[in-house]
Amino acid sequence: MIDLHIHTTRSDGQFSPKGTMRLAKKAGVTVAAVTDHDTVAGLAEAAEAAKNLEMDFFPGIELSVQGERELHILGYGIDRESPELLTFCKAQKDSRVERVGHILAYLARKGVPVTIEDVLKVNHGAATGRPHFARTLVEKGYVSSTEEAFDKFLTTDEYYEKVERKKATPAEGMEVLRRAGGVAVLAHPHWLHLSGEALEKLVRRLIADGLSGIEVYYSRHTPEQTREYLSLAKKYDLLVTCGSDFHGYAVKPDISLGTGFDGNLGITDMSIPERLHHAIEKVAR
Ligand code: AMP
Ligand code: ZN
Ligand code: FE
Ligand code: FE
């Protein structure tokens with residue numbers, strides 16, 4: 001199986017890079033990519049583990065960029081030592097650190113106060129993401145699931161308008177990926193809440209800014225969505241990729257490595273990683 005969208009403790013996942021690769025192998029994954037949010041910190045350990053486990057591995061990253069609320073760009077084949085990429089990640093980390101205070105104040109305003117110490121109990125030294133807060137809200141007993149924490153507090157209009165940090169533009173993010181030798185892929189179009197002409201317009205704009213692919217197969221995609229994204233990929237000659245967005249059971253209890261949600265992924269089409277490899281080889285840095 002192929003899983004090109006996986007998180008570890010180096011961002012908001014539950015398991016270490018090595019532990020995550022072990023779990024992937026156990027689950028039957030043969031081609032993997034670690035794509036932590038705005039960081040390459042887990043790639044050396046994950047690559048080494050994947051090699052020892054005889055898995056094919058793509059060094060990856062997932063950038064949060066300006067635009068739609070959850071507009072994320074996956075980068076594959078990046079050089080984890082690229083100075084431009086490291087500078088970019090440092091700025092992203094600083095803005096995440098700054099956001100922590102805003103989120104703590106916001107949650108207190110909402111009547112569900114948590115402290116930085118609470119949050120650090122589930123954050124193993126990474127820059128903080130909303131899933132760390134979601135887990136903390138569960139542990140404090142304010143909500144019964146991370147999903148409820150997102151619905152009630154972390155994906156509300158008020159959250160996006162008053163609390164969310166300022167992000168890089170898609171063009172800036174994809175330029176950094178290219179300079180690091182990477183290929184840019186639109187992550188989980190499902191979370192954009194766009195379809196038809198509106199989605200196509202966004203995809204065209206992203207292509208003009210350097211997009212090369214689209215994550216057609218994803219845990220949350222319905223069969224109809226998958227068909228729509230596949231036809232967009234064909235129309236614009238984009239790479240097709242697949243990923244579970246595994247974070248671990250404490251974060252996304254219903255998402256499994258390789259197989260996604262309720263077995264809806266399980267992608268084995270080796271032309272997906274082969275085409276991705278070719279595209280990476282052709283990147284002009
Ligand atoms: P952040 O890096 O703080 O922007 O948080 C992004 C993370 O939050 C990603 O891992 C998403 O999968 C997760 N996330 C965003 N929206 C939701 C949602 N509605 N339900 C569960 N997880 C979500
Ligand atoms: Zn995440
Ligand atoms: Fe994402
Ligand atoms: Fe992700």
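Which residues does glutamate 215 touch, not counting those up to four places away in sequence? In this predicted model, they are His5, Leu74, Val185, Leu186, Ala187, His188, Pro189, His221, Thr241, Cys242 and Gly243. Glutamate 215 itself is found in strand β6, which spans residues 213-218.

Glutamate 215 is buried but has no salt bridge. Lysine 252 carries the nearest side chain of opposite charge, and it is 9.3 Å away. Polar contacts are present, however: the side chain of glutamate 215 is joined to that of histidine 5 by one of 2.8 Å, and it reaches the backbone nitrogen of histidine 188 at 2.7 Å.

Histidine 72 lies in strand β4 (residues 72-76) and histidine 188 in the loop between β5 (183-186) and α9 (196-208), so the two histidines tie together parts that are 116 residues apart in sequence. Both are buried: histidine 72 has a relative accessible area of 8%, and histidine 188 has 2% relative accessibility. The zinc ion (ligand 2) is 5.9 Å from the iron ion (ligand 3).

Nonpolar side chains tend to be buried together in soluble globular proteins. Here the largest nonpolar core has 63 residues, and Leu4, Met21, Tyr76 and Leu186 have the most contacts inside it. Leaving aside neighbours within four places in sequence, leucine 4 is in contact with residues including Val31, Phe58, Tyr76, Cys242, Ile272 and Leu276. A second, separate core has 19 residues, among them Leu104, Val114, Leu137 and Tyr159.

Technical notes. Residues are numbered from 1 along each chain as its sequence is written. Chains are lettered from A and ligands numbered from 1 in the order in which they are written. This is a predicted model: local features need pLDDT of at least 70, side-chain atom pairs count only at pLDDT 80 or more; totals for chains, interfaces and linings use all residues. Side-chain values use heavy atoms; hydrogens and water are left out. Donors are N, O and S atoms within 2.8 Å of the metal (3.2 Å for Na, K and Ca); water is not among the atoms, so sites may look incomplete. Helices (H or I, at least four residues) and strands (E, at least two) are DSSP runs, numbered from the N terminus. Buried means under 20% relative accessible area, exposed over 50%, partly exposed in between (1.4 Å probe, protein chains only). A nonpolar core is a set of buried Ala, Val, Leu, Ile, Met, Phe, Trp, Tyr and Cys residues joined through side-chain atoms within 4.5 Å. Contact means heavy atoms within 4.5 Å. Lys and Arg count as positive and Asp and Glu as negative; His and the chain ends are not counted. A salt bridge is a side-chain nitrogen of Lys or Arg within 4 Å of a carboxyl oxygen of Asp or Glu. A polar contact is a pair of N or O atoms within 3.5 Å; within protein, one must be able to donate a hydrogen and the other to accept it, and residues adjacent in sequence count only if both atoms are side-chain atoms.
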